[in-house]
Number of protein chains: 2
Amino acid sequence: MREELRRDRLYVAVDLMILTVRDGRLHLFLSRRGEEPFAGYPALPGRFVGLDETAETAVARLISEVLPVPEPFLEQLYTFADIDRDPRGRVVSIAYLAIVPWQKVRALQASGQTALRPFRVTPTEEGGLYLTGEDGETLSGSDLAFDHGRIAETGIRRLRGKIDYTEIGFHFLTDRTAFSLGELQTVFEAVLGMPLDSSNFRRFILNRYEKSGRLRQTEQAEKKGRGRPAALYRFD
Amino acid sequence: MREELRRDRLYVAVDLMILTVRDGRLHLFLSRRGEEPFAGYPALPGRFVGLDETAETAVARLISEVLPVPEPFLEQLYTFADIDRDPRGRVVSIAYLAIVPWQKVRALQASGQTALRPFRVTPTEEGGLYLTGEDGETLSGSDLAFDHGRIAETGIRRLRGKIDYTEIGFHFLTDRTAFSLGELQTVFEAVLGMPLDSSNFRRFILNRYEKSGRLRQTEQAEKKGRGRPAALYRFD
DNA sequence: GATGTTTATGGTCAGAGTGACCATAAAGGA
DNA sequence: TCCTTTATGGTCACTCTGACCATAAACATC
């Protein structure tokens, strides 16, 4: 979409918040804009919705272009339709939330299959947030292109609000691979931004998901590092 | 918007679910389409979003045209972007939820200021719903124009899910006018579709909202009909 | 190999919240 | 006056949750 946007019509785009938990911290993937407007600014990956695609297919195509992990978890977040949110013209943006396991991103990072960069997310007391890049670069919401700061704040708030009464947290872990409750707790702690009591956490999760059969303990046990080996579970 | 839609571009519309509680039942307001497509079908009121308006202003203008109650509660619901949802062309619809107190609608009804008709909402076990008009006309979701049945189902599900951990239920009652806990309970029962224990309900509401000061008991008491007069409360 | 560290797991206890009841208060109607 | 109706208040058992304490099973260090 290099050409100018026409001023006499209205466009629909999707913008995508891709989230992961890496090293016990919540991270958001940002691209860097190459073109005006906001050239050089960090931004959420986005694309225009074509006549031949739904919002969902547009998002699926977008993620396959910028971070091709198979079957990421997707959820529509909110639609932003302020008149002046894009200086090129009138663009209505349907924002989506994507959740990917860090483990799956890692291979893509190494082989250079993505230009996205992870930023550590630190929410502020007032509902805002700031973002820290791997090189230490620190951004606040207003440093993002367009209204992407506001979109990101909305997404983080949504995620935080949903994690303890939906199964959304499980999507940070690799599907079809067993995980320990400790790993799941790390996800929850990263999302909520506070430490949790492991004993209470385990009781909460097992009461909620094991009795209903959604979560099953596997035969295997953890093999690696320090500490007592954890039992491994499988979800769904 | 009588002219044809162009096939080479994309349009954005808002569709509005206006809900009220009347006689202890949840009602949804529907219009009847006068033109093709779906001429004669019941539908959610909607309008196209112009270049000079946000989605919010489009919704505000829409409701002032079809059901002019002052300051209705509005909340964005979901954006529907299926390719074939409108046979005229590609129309992306941002659905909104509006909540109005029945008392405020009544005057408009009497003076013929609205062509909308209230339909009693009855959700089914499977997440669908059917709608009953004042004349006994019964509709299922698939009897509505476009994908409005699906939109309505989404809205009802959202409302039910939110009523007991947000203050959304209060918006069914007249702002700036005191109400009894019995009236509030009627709202909750209508939304949830089941009777509640009045003693437990009162404890729930007072614990939740009175201690934080959002809900205050007024000096007044109910005057009317049978039974012990209720204390009147004011919210916010 | 004994000891300490680390992580996983299990249990207790008090307080909050909730559903199912029962009881009483205050009005109008028969 | 008695009955019905609605509002209000309280009890009791059960669940959920946060704050702890204790034990288990691995590795690390000396």
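Helix H4 (residues 181–192) of chain A packs against H5(A) at an angle of about 100 degrees, with the axes 10 Å apart. H4(A) is therefore roughly perpendicular to H5(A) (65 to 115 degrees; under 35 is roughly parallel, over 145 roughly antiparallel, the rest oblique). This is a predicted model: local features need pLDDT of at least 70, side-chain atom pairs count only at pLDDT 80 or more, and totals for chains, interfaces and linings use all residues. Residues are numbered from 1 along each chain as its sequence is written, while chains are lettered from A and ligands numbered from 1 in the order in which they are written.

**Helix packing in chain A**
- From H4(A), the contact uses A:Leu181, A:Leu184, A:Gln185 and A:Phe188; H5(A) supplies A:Ser198, A:Phe201, A:Arg202 and A:Ile205 (contact: C-beta atoms, placed from the backbone, within 7 Å).
- This contact of H4(A) with H5(A) has five nonpolar, two polar and one charged residues.

**Helix packing in chain B**
- H4(B) and H5(B) pack at about 100 degrees, their axes 10 Å apart.
- B:Leu181, B:Leu184, B:Gln185 and B:Phe188 of H4(B) meet B:Ser198, B:Phe201, B:Arg202 and B:Ile205 of H5(B).

**Surface near DNA strand D**
- Of the 19 residues around DNA strand D, A:Arg228, B:Gly182, B:Ser199, B:Gly227 and B:Ala231 come nearest (near: C-beta atom, placed from the backbone, within 6 Å).
- Helix H5 (198–210) of chain A, with helix H4 (181–192) and helix H5 (198–210) of chain B, are the elements giving two or more residues to this surface (helices: DSSP runs of H or I, at least four residues, numbered from the N terminus).
- H5(A) gives the most, with four residues.

Terms used: Axes are lines fitted to C-alpha atoms, for helices over the stretch in contact, and angles run from 0 to 180 degrees between N-to-C directions. Two residues are in contact if their C-beta atoms, placed from the backbone, lie within 7 Å. Ala, Val, Leu, Ile, Met, Phe, Trp, Tyr, Cys and Pro count as nonpolar, Asp, Glu, Lys and Arg as charged, and the others, Gly among them, as polar.
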